[in-house]
Amino acid sequence: MKQKLGVKILKEKLIVANWKMNKNVQKTKEFAEIVGTEVLKSKNKIVICPPFTSLYVLKTYADIFGFEVGAQNCFWENSGAFTGEVSPSMLSDLGCKYVILGHSERRNYFDETNELINKKIAIAIENNLIPIVCVGESSSSRENGSAIDFVLSQLVDCFCGVIANQMKRIVIAYEPIWSIGTGKAMNPQQAQEMCSSIRKFILKKYDEKTASEVKILYGGSVTPENSKNFFEMQDIDGGLIGGASLDAEKFVDIISF
Ligand code: PGA
């Protein structure tokens with residue numbers, strides 16, 4: 001396990017941009033031209049997840065500047081009569097390395113359940129994609145003290161059947177729902193408490209090596225002003241950034257702390 005210090009020495013962080021349904025191809029190129037050179041200087045690992053329509057063009061910049069691209073979702077089959085869906089094998093073929101799964105907006109607007117996310121995780125892994133699995137509690141769950149139990153039960157269901165060797169590569173993004181896009185970032189100590197519980201869960205279900213290798217991110221109203229407070233926490237390996245990742249200057253500030 002990582003050293004039990006209150007604050008860990010800053011090492012390479014994984015910083016993931018989630019653009020949601022924003023930016024067309026032209027805006028994607030403009031962003032990549034500004035941010036690309038800063039990525040080259042950054043000591044952190046950067047992943048940008050644009051809408052599907054910008055993945056191809058962004059990948060050409062990713063190859064020049066050394067960042068990775070990820071999708072924001074994928075289907076649970078590799079091909080077939082599923083009008084409107086995009087498969088994990090197509091993403092992999094495009095050079096995508098990551099895929100966000102189970103974001104709270106997908107759980108909320110598209111009724112995605114842990115069981116469905118579990119299916120997507122399995123096929124993403126099969127296609128060599130690294131799933132960024134989102135979990136997080138509602139405000140009522142936080143208020144009634146059940147947040148940790150709720151998140152751990154999401155993990156139980158999402159990772160059903162996932163073996164240690166697969167788990168090591170997976171990224172878990174802890175995003176309290178009440179904090180996403182609201183400007184109400186969580187207290188970093190509370191985020192640390194949840195991320196530490198998540199790591200302990202992985203330790204119990206798998207082993208020490210898996211628990212220390214799995215990456216746990218915090219997401220929810222991360223800004224250039226507060227990002228470092230999260231990244232300093234012992235069990236927070238980086239961030240999943242929504243709103244602030246749309247603005248090239250803000251994103252550069254976050255990746256180059
Ligand atoms: P936010 O979004 O940074 O705008 O709160 C985070 C996310 O939805 O991943």
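**Charged pairs and their surroundings**

Reply: Gladly, and let me start with Arg199, which is buried, its relative accessible area being 0%. Bear in mind that this is a predicted model.

Me: What makes the contact between Asp235 and Arg199 a salt bridge?

Reply: Their side chains come to 2.6 Å, N to O. The cut-off is 4 Å between a side-chain nitrogen of Lys or Arg and a carboxyl oxygen of Asp or Glu, so the pair qualifies. This pair links distant parts of the chain, 36 residues apart: Asp235 sits in the loop between helix H11 (227–231) and strand E8 (238–241), and Arg199 in helix H9 (residues 188–205).

Me: Are Asp63 and Lys59 buried or exposed?

Reply: Asp63 has 52% relative accessibility, and because exposed means over 50%, Asp63 counts as exposed. Lys59 is at 17%, under the 20% limit, so Lys59 counts as buried.

Me: What label do Glu38 and Lys41 get?

Reply: Glu38, at 22%, falls between the 20% and 50% limits, so it is partly exposed. Lys41, at 60%, is over 50% and therefore exposed. The two side chains meet in a salt bridge of 3.3 Å, N to O, and both residues belong to helix H1 (residues 25–41), 3 residues apart.

Me: Which residues does Glu112 contact, and why is Glu112 called buried?

Reply: The side chain of Glu112 makes polar contacts with the side chains of Arg106 at 2.8 Å and Lys120 at 2.9 Å. Glu112 has a relative accessible area of 6%, under 20%, so it is buried. Its place is the loop between helix H4 (104–109) and helix H5 (114–126).

Me: What makes Asp253 partly exposed, and which surface patch includes it?

Reply: Its relative accessible area is 46%, between the 20% and 50% limits, so Asp253 is partly exposed. Asp253 gathers with Glu225, Asp247 and Glu249 in a patch of negative charge on the surface, and its place is in helix H12 (residues 248–255).

Definitions and conventions: Residues are numbered from 1 along each chain as its sequence is written. This is a predicted model: local features need pLDDT of at least 70, side-chain atom pairs count only at pLDDT 80 or more; totals for chains, interfaces and linings use all residues. Side-chain values use heavy atoms; hydrogens and water are left out. Patches are made of residues with over 30% relative accessible area and no salt bridge: like charges are joined within 9 Å, nonpolar side chains (Val, Leu, Ile, Met, Phe, Trp, Tyr) within 5 Å. Accessible areas come from the Shrake-Rupley method with a 1.4 Å probe; for residues, only the protein chains shown count as cover. Lys and Arg count as positive and Asp and Glu as negative; His and the chain ends are not counted. The place of a charge is taken as NZ of Lys, CZ of Arg, CG of Asp or CD of Glu. Helices (H or I, at least four residues) and strands (E, at least two) are DSSP runs, numbered from the N terminus. Buried means under 20% relative accessible area, exposed over 50%, partly exposed in between (1.4 Å probe, protein chains only). A polar contact is a pair of N or O atoms within 3.5 Å; within protein, one must be able to donate a hydrogen and the other to accept it, and residues adjacent in sequence count only if both atoms are side-chain atoms.
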